[in-house]
Structures are given as C-alpha cells and as structure tokens.
Amino acid sequence: MIIGSGPAGLEAALNLKIRQKDFLLFGAADLSNKITLAPRINNYLGLPGISGGDLAARFREHLEQMAIEIVPEQVTTVYPMGEYFSLATAHRTLEATTVILCPGVFNSKDLPGEAEFLGRGVGYCATCDAPLYRDRTVAIVGYTDESVEEANFVCDVAVKVYFVPGKAFTRPLDSRVEVVDDVPVEITGSGKVEQLILNNRTLAVDGVFLLRETIAPASLVPGLETENGFIKVDAAMQTNLPGCYAAGDCTGKPHQYMRAAGQGQTAALNAAAYIDIQKHTHAE
Amino acid sequence: MTELNKSAFLETIGQDVPTVVDFWATWCMPCQVFAPVVEEIAGEMDGKANFGKVNIDEERDLAIEYGVSSIPTLVIFKGGKEVERLVGVRKKAEVVEAVDKYC
Ligand SMILES: Cc1cc2nc3c(=O)[nH]c(=O)nc-3n(C[C@H](O)[C@H](O)[C@H](O)COP(=O)(O)OP(=O)(O)OC[C@H]3O[C@@H](n4cnc5c(N)ncnc54)[C@H](O)[C@@H]3O)c2cc1C
C-alpha cells in the first residue's frame, strides 16, 4: 500500500509494478500541488528548466504507460496489527503486508482551540461523526478534494452546514450548504465547541471539522516514531514498525524532488524484499 | 465485547472496577480498524476491567449525554464517573496504560 502521490509515492509505485507486486496507490488525482505549482525546476536530472506542470504531465504519462492508477482517497488510519496493517479511508477498510508512507511534509499548525476541543466538537472525519450532529450546526473547513462530499453528507443530517474552503473546489456542493470564504482563526466555547471565529465573521456552531490534506504522521499511524515531526527511518527507509517504510519530504530535509523519488525507490525495493521474505516464511 | 444499551451501560459503569466504553458506529471506518484492537485489550485485561461498546446510532442520546462528538472514542468510567477519555485511534500500549491506572 502506497500513501501519497508526490514523486516519492509515484517512484515507489513504478518500482513495485516492475517487481510485479500487487499494490494500491492512494493520493490526489492531480498528483501533488508541490509538483504542479513549481514554476521552473532546475535540479531535475535530464529535464533542465522544466515547469512543474510539464513535469506532472510527464509523470502522468509514465503512470499511464505502466498502467498504474491513483486511488483518489485519503487514508486516515494505518494501524499496525503485528503481521499486517489495517487501513481506513472514509469509505472502506483494507489490509496490507507492507505500507510505504509518502504523504509529504506535515506543516499545518493546530488552530487555537483545536486540541482543547478535540472530541468535544472538533473532529477530523465528518462522515464518521455526522449522526452526532443531527439537528445541529456544523462548520467544515475543507482543505481536501473530498471535503465537498463530506459537507454534502453532513447536510443531510445537520440543520445547518457552513463550508469554509481551504482551497478552490470543483466538485458540486449541495445548495443547502453555505459557503463562507474566510480564514479560520480560533475555536472557542466552554466545555465544548460553541464558535468558530474567522477573520471577518464568527459562526455559532456545535461542531467544527478540519479536513486537512496531510495528517500528522503519528496520528496517521499510531506507534510510529517521529522526530521533530519527521518520520524516523533507517538507510533502508524502514520505520520503527516492521513492514512500514517512509519516503520523501516526510522523512526530513532537504525537501527536493530527486531525494523524494530516490527514497521512494529505496523504500519500494526493500518493501518488495520484505514481502518475499514474509511469503517465504509463511510457506515454510 | 458486549454491546451496551442504556440500562446495561449505567449498570456497568457504576461498578468499582473500571469500565472502558468504546463509542462506535458501523460506517466509521477508523472504528472498524480499532475494534479488534480494543477487543484484544479486553481479552488481556479480563477480570481487571470491564469493556463494552456503545453504537452511537442506536444509543445516540447516550453519546450526546456523555459529550462524545467524535468516534472512535474510548471513555473510562469508575464508580459511575468518567475518569479519562481517549479520542481517536490509539496505540495499544497507550490504552492499556490508561486503563491500568484505574485498576
Ligand atoms: C512551489 C514549489 C517549488 C518547488 N521547487 C522545487 C525545485 O525546483 N526542485 C526540487 O527538487 N524541489 C522543489 N520543491 C520541493 C518538492 O516539491 C518536494 O520536495 C516534493 O514534492 C516532495 O515529494 P513527496 O513525494 O515527498 O511529497 P509531496 O509532493 O508533498 O506529495 C504528497 C502527496 O501525498 C498526498 N497525501 C498526503 N497524505 C495523504 C493521505 N493520508 N492519503 C492519501 N494521500 C495523501 C498529498 O495529497 C500529496 O499529493 C518545490 C516545492 C514547492 C512547493
């Protein structure tokens, strides 16, 4: 299972495909905005001065050639079960022998009040918690492509849904949802969430869902060792959890394409070897 | 692990041994991932602590009364009072350690 569709995840996928391993590649349909937004790239071997948009197009072409598809779902949980990993997205659960984490760098700061009200009105999975907001008012701060669907889902239950877009959205939003183009500043309340304070407006709400593109690695994978927010890996890109590898910006600096891709390759080849050993031991 | 309705819930959490209640729902995918882990802990801590689960869809009032707004959430009760809660999917050792404090 590969999580992330930046250069690290794509290069990992390519290598697993060549090794004829079964895998799923989870990520964004548009790969990574860290690729598409780069105006001019001067340090990509063999492609001097290429724009991020062109590089992304090349990546996509390469994936197509190799018949690799991206599953456009955010993985929210990776749980080490000992011999395997149990994964969850908003829509399903899956099992995997190995996991390669390529989610990019985690840089979103907590919103003031977020930690204090976690589980008391603050949540990260609107579809999970929607029934608890029947006849209540909810704000959804959406940084992911799937945020729109989550907002649509909640508005069948809640009496009122505000949608604060963290990025431009293209998917159709239910007409009952009120879009608030503003920037979240703080979550307040006494004992539980009562208000979401924005730059220009304050919303009276019972719940706030923060749907971010990246999840702190230690929350994504309970038990994963990190250091200063980066995932700890050895030279084989193996984390402290056997069978769990990590590659790219999530493992530390420098944050660069070629480093990410190189680590993705290393992680994939070692994961492939790990799978072979597992199969072997089970066969015996 | 026993599914608790309201009366069973009230009876269980009132006991002197700690009770761990897993608030969950069928469509909550992280809950599905976490359930077997909680089940395993329940087996290992059998006799030391009670474990039960509350389906928030069937016992919505209970979830709201106890201020559960996000699932999965584990709430630890002792003598009828909440003593600690763990929101979200947690590592096994963390749950065991939290419950152990009240045994
Ligand atoms: C404007 C800009 C210009 C840059 N220019 C250069 C340059 O010229 N040269 C250079 O070498 N580097 C450059 N960089 C840095 C480079 O973009 C990064 O180092 C590189 O993209 C890191 O790759 P990655 O695979 O680790 O992660 P990312 O590219 O960050 O990709 C991670 C992907 O994983 C997805 N994801 C995250 N979490 C999950 C999850 N839980 N489930 C599913 N999907 C998930 C994300 O949506 C994202 O698509 C630039 C960066 C920026 C922002």
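Guide: By class, 17 nonpolar, 13 polar and 3 charged residues make up the shell around the ligand. This is a predicted model, in which local features need pLDDT of at least 70 and side-chain atom pairs count only at pLDDT 80 or more, while totals for chains, interfaces and linings use all residues. Residues are numbered from 1 along each chain as its sequence is written, and chains are lettered from A and ligands numbered from 1 in the order in which they are written.

Visitor: What makes a residue nonpolar, polar or charged?

Guide: Ala, Val, Leu, Ile, Met, Phe, Trp, Tyr, Cys and Pro count as nonpolar, Asp, Glu, Lys and Arg as charged, and the others, Gly among them, as polar.

Visitor: Which residues come nearest to the ligand?

Guide: Of the 33 residues around the ligand, they are A:G4, A:G6, A:P103, A:G104 and A:G248. A residue is near a molecule or strand if its C-beta atom, placed from the backbone, lies within 6 Å of it. Helices α1 (7–18), α2 (33–36) and α7 (257–283) of chain A each give at least two residues to the shell. Helices (H or I, at least four residues) and strands (E, at least two) are DSSP runs, numbered from the N terminus.

Visitor: How are α1(A) and α7(A) packed?

Guide: Their axes are 7 Å apart and meet at an angle of about 35°. Axes are lines fitted to C-alpha atoms, for helices over the stretch in contact, and angles run from 0 to 180 degrees between N-to-C directions. Residues of α1(A), including A:P7, A:A8 and A:E11, meet residues of α7(A), including A:Y257 and A:A260. Two residues are in contact if their C-beta atoms, placed from the backbone, lie within 7 Å. This helix contact divides into 11 nonpolar, 5 polar and 1 charged residues.

Visitor: Why do the buried residues of α5(A) line one face of the helix?

Guide: The buried residues of α5 (residues 147–154) of chain A are A:S147, A:V148, A:E150, A:A151 and A:V154. Seen down the axis of α5(A), they fall within an arc of 160°, so they line one face. The arc is that of the directions from the helix axis to the C-beta atoms. Among what covers these residues are β9 (137–142) and β10 (160–165) of chain A.

Visitor: Why does A:R40 count as exposed?

Guide: A residue is buried if 20 or more other C-beta atoms lie within 10 Å of its own, exposed if 12 or fewer, and partly exposed in between, with C-beta atoms placed from the backbone. A:R40 has 10 C-beta neighbours inside 10 Å, so A:R40 counts as exposed. A:R40 is in the loop between α2 and α3 (52–65) of chain A. Not counting residues up to four places away in sequence, A:R40 touches A:G49 and A:S51.

Visitor: What is the phi of A:A67, and is A:A67 buried or exposed?

Guide: Phi of A:A67 is positive, about 55°, although A:A67 is not a glycine. A:A67 has 7 other C-beta atoms within 10 Å, so A:A67 is exposed. A:N228 has a positive phi near 50° and is also a residue other than glycine. With 6 C-beta neighbours inside 10 Å, A:N228 counts as exposed.

Visitor: Where is the peptide bond cis, and what is omega?

Guide: The bond from A:K253 to A:P254 is cis, with omega near -5°. In chain B, a cis peptide bond joins B:I71 and B:P72, with omega about 0°.
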